[in-house]
Amino acid sequence: MSPRRVLVRGGWIVSMDAAVGDLPQGDLLIEGECIAAVAPRIDADDAEVVDARDMIVLPGFVDTHRHTWQTCVRHRYADIEPQIYFAEMLGRKGAAYRPEDVYIGTLLGAVSALDGGITTMLDWSHVQNSPEHTEAAIQALRDAGLRGVFAHGWPLVEGASWMFDSTRGHPQDIRRLRREHFASDDQLLTLAMAARGPEMAQREVWMSDLQLARELGIRSTIHMGAYARNAPVRGIAQMQAAGMLGEDLTFVHCCHSGCDEIAMMADAGVSASLGVHCEMNAQGIGDIPFDRMLAVGIRPSLSGDTETKCAGDMFTQMRHAFSYYRSWMGGEHSTVKNAPASITLREVLEFATVAGAQATGLAHRTGSLTPGKQADLMLVRTTDLNLTPVSDAVGAVVLAAHPGNVDTVFVAGNAVKRQGRMTGIDLESLRERAFASQRYVLGLP
Ligand SMILES: [Zn+2]
């Protein structure tokens with residue numbers, strides 16, 4: 001049987017692939033899971049047609065760092081002392097999470113990400129309180145139907161003994177996951193390690209954790225340089241001295257990491273994830289190191305981090321990234337040589353797509369509308385009042401679009417959103433379960 005063919009017809013295609021370019025009016029053919037062709041005109045009589053007139057056709061976004069399990073308590077921790085978030089979410093409340101709370105939080109977060117055009121998300125899951133919690137998170141990502149990287153973390157215990165100078169090695173259950181769930185790297189869901197690194201674990205521990213990830217052949221993602229208290233640890237420099245930096249690593253935040261450390265990242269091919277909206281809201285986390293990264297050639301990816309402190313959608317991250325950089329450089333705050341004086345809207349879109357695919361090790365599969373890659377894409381309506389009339393597709397998407405403008409989303413050729421509505425998910429039941437979980441987690445009636 002030949003694969004199902006879908007012809008996305010007559011859209012304004014922004015491919016984010018230099019060889020394909022932009023097509024103000026173009027067709028995109030999906031065959032099975034993959035993009036078969038992108039051209040001004042494609043004839044495919046047997047294909048199901050998706051009318052993309054008055055739509056911008058874009059690659060799906062890639063979010064490289066999201067604590068998705070926290071979604072049911074979203075928006076509660078932005079205007080309070082940041083340490084309260086750590087004490088509550090990563091202490092008391094996180095330790096009390098049941099597997100069903102992990103499931104519903106992760107499902108709600110993943111479904112909302114898809115609704116806003118995020119087709120790939122790295123679930124930074126540091127709530128591995130038991131193997132049942134782990135199974136719940138993986139099942140939720142599977143049920144949501146997005147391309148996911150499940151980044152397996154550690155258990156939350158009140159007192160946070162896993163997070164301060166820890167002597168405990170990464171949970172060995174990750175070996176079982178590799179065997180039972182993630183034996184292939186060609187699946188929709190793949191595995192990574194959410195590792196603690198030098199800021200949370202003792203030297204022998206973080207070194208053996210990374211050796212374990214490398215033994216399993218998976219990537220690792222680590223928080224670095226968030227808040228001034230972590231600056232003296234010089235985690236990146238420690239890893240460099242130990243010969244542990246590599247292309248299989250992504251560092252998150254890096255706000256207080258030294259310029260020399262950011263240069264070490266660039267030299268070793270370490271990628272970066274900036275949770276822009278969250279970083280701007282988490283007062284005291286430090287200045288976002290955009291200029292310092294761009295100066296040494298790092299193209300950062302973007303992320304929603306924790307929805308307890310910010311909006312998780314990628315439009316918000318892009319809009320803030322652009323404004324932050326313009327404001328930072330315009331205010332002459334940068335002291336870095338060689339930092340670009342400004343960035344373009346298209347570069348910001350690159351951070352949200354291509355750079356994210358690179359930072360998750362999936363650049364060969366997603367991140368651009370390239371024939372042969374997986375069909376992960378979205379259609380954004382240009383006729384909506386906040387966008388019309390569109391004269392610059394990239395400008396419209398980066399400056400002003402929001403999840404409500406996303407008409408259609410495909411993941412691996414499968415339509416998970418059509419005509420503005422999520423398909424194949426009972427949203428009423430999702431809302432009810434999310435509400436019940438929130439009440440439990442917050443201890444409310
Ligand atoms: Zn984080």
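1. Strands first. Helices (H or I, at least four residues) and strands (E, at least two) are DSSP runs, numbered from the N terminus. Residues are numbered from 1 along each chain as its sequence is written. The model is predicted, so local features need pLDDT of at least 70 and side-chain atom pairs count only at pLDDT 80 or more, while totals for chains, interfaces and linings use all residues; side-chain values use heavy atoms, with hydrogens and water left out.

2. S271. This serine sits in strand β12 (residues 271-274). Buried means under 20% relative accessible area, exposed over 50%, and partly exposed in between (1.4 Å probe, protein chains only). S271 is buried because its relative accessible area is 15%. Contact means heavy atoms within 4.5 Å. Setting aside residues up to four places away in sequence, S271 touches R219, L249, T250, F251, M265 and A359.

3. The zinc site. Donors are N, O and S atoms within 2.8 Å of the metal (3.2 Å for Na, K and Ca); water is not among the atoms, so sites may look incomplete. Three histidines supply the protein donors of the zinc ion: H65 (NE2), H67 (NE2) and H223 (NE2), lying 2.1 Å from it. Along the chain, the donors follow the spacing H-x1-H-x155-H. H67 and H223 link distant parts of the chain, 156 residues apart. H67 is in the loop between β6 (61-66) and α1 (82-96), whereas H223 is in strand β10 (residues 219-224). Both H67 and H223 are buried.

4. Helix packing. Two packed helices are described by the angle between their axes and the distance between the axes. Axes are lines fitted to C-alpha atoms, for helices over the stretch in contact, and angles run from 0 to 180 degrees between N-to-C directions. Helix α3 (residues 131-144) packs against helix α4 (residues 173-180) at about 40°, and the axes are 11 Å apart. From α3, the contact uses P131, T134, E135 and I138; from α4, D173, R176 and L177. By class, that contact has three nonpolar, one polar and three charged residues. Here Ala, Val, Leu, Ile, Met, Phe, Trp, Tyr, Cys and Pro count as nonpolar, Asp, Glu, Lys and Arg as charged, and the others, Gly among them, as polar.

5. Cysteines. A disulfide is a pair of cysteine sulfur atoms within 2.5 Å. How many disulfides does a search of the whole structure find? The search finds zero. Take C259: the closest cysteine sulfur, in C254, is 12 Å from the sulfur of C259, so the two are too far for a bond. C259 counts as partly exposed, because its relative accessibility is 45%. C34 also counts as partly exposed, at 25% relative accessibility.

6. T366. This threonine lies in the loop between α12 (354-359) and β14 (377-381). Is T366 buried or exposed? T366 is buried, with a relative accessible area of 1%. Its contacts, not counting residues up to four places away in sequence, are V62, T120, R147, A357, K373 and D376. The C-alpha atoms of T366 and G60 are separated by 8.0 Å, yet these residues are 306 apart along the chain.

7. The loop between β8 (147-152) and α4. S161 lies in this loop. S161 is partly exposed, with a relative accessible area of 30%. Leaving aside neighbours within four places in sequence, S161 is in contact with S166 and R168. S161 and G91 are 9.8 Å apart, C-alpha to C-alpha, and 70 residues apart in sequence. D165 is found in the loop between β8 and α4 too. D165 is not a glycine, although it has a positive phi of about 50°. D165 counts as exposed, at 52% relative accessibility.

8. A412. This alanine lies in the loop between β15 (406-411) and β16 (414-418). A412 has a positive phi of about 50° although it is not a glycine. At 14% relative accessibility, A412 counts as buried.

9. The loop between β14 and α13 (393-399). P389 is found here. Which peptide bond is cis? The bond from T388 to P389 is cis, with omega near -5°. D392 is in the loop between β14 and α13. D392 is partly exposed, with a relative accessible area of 42%.
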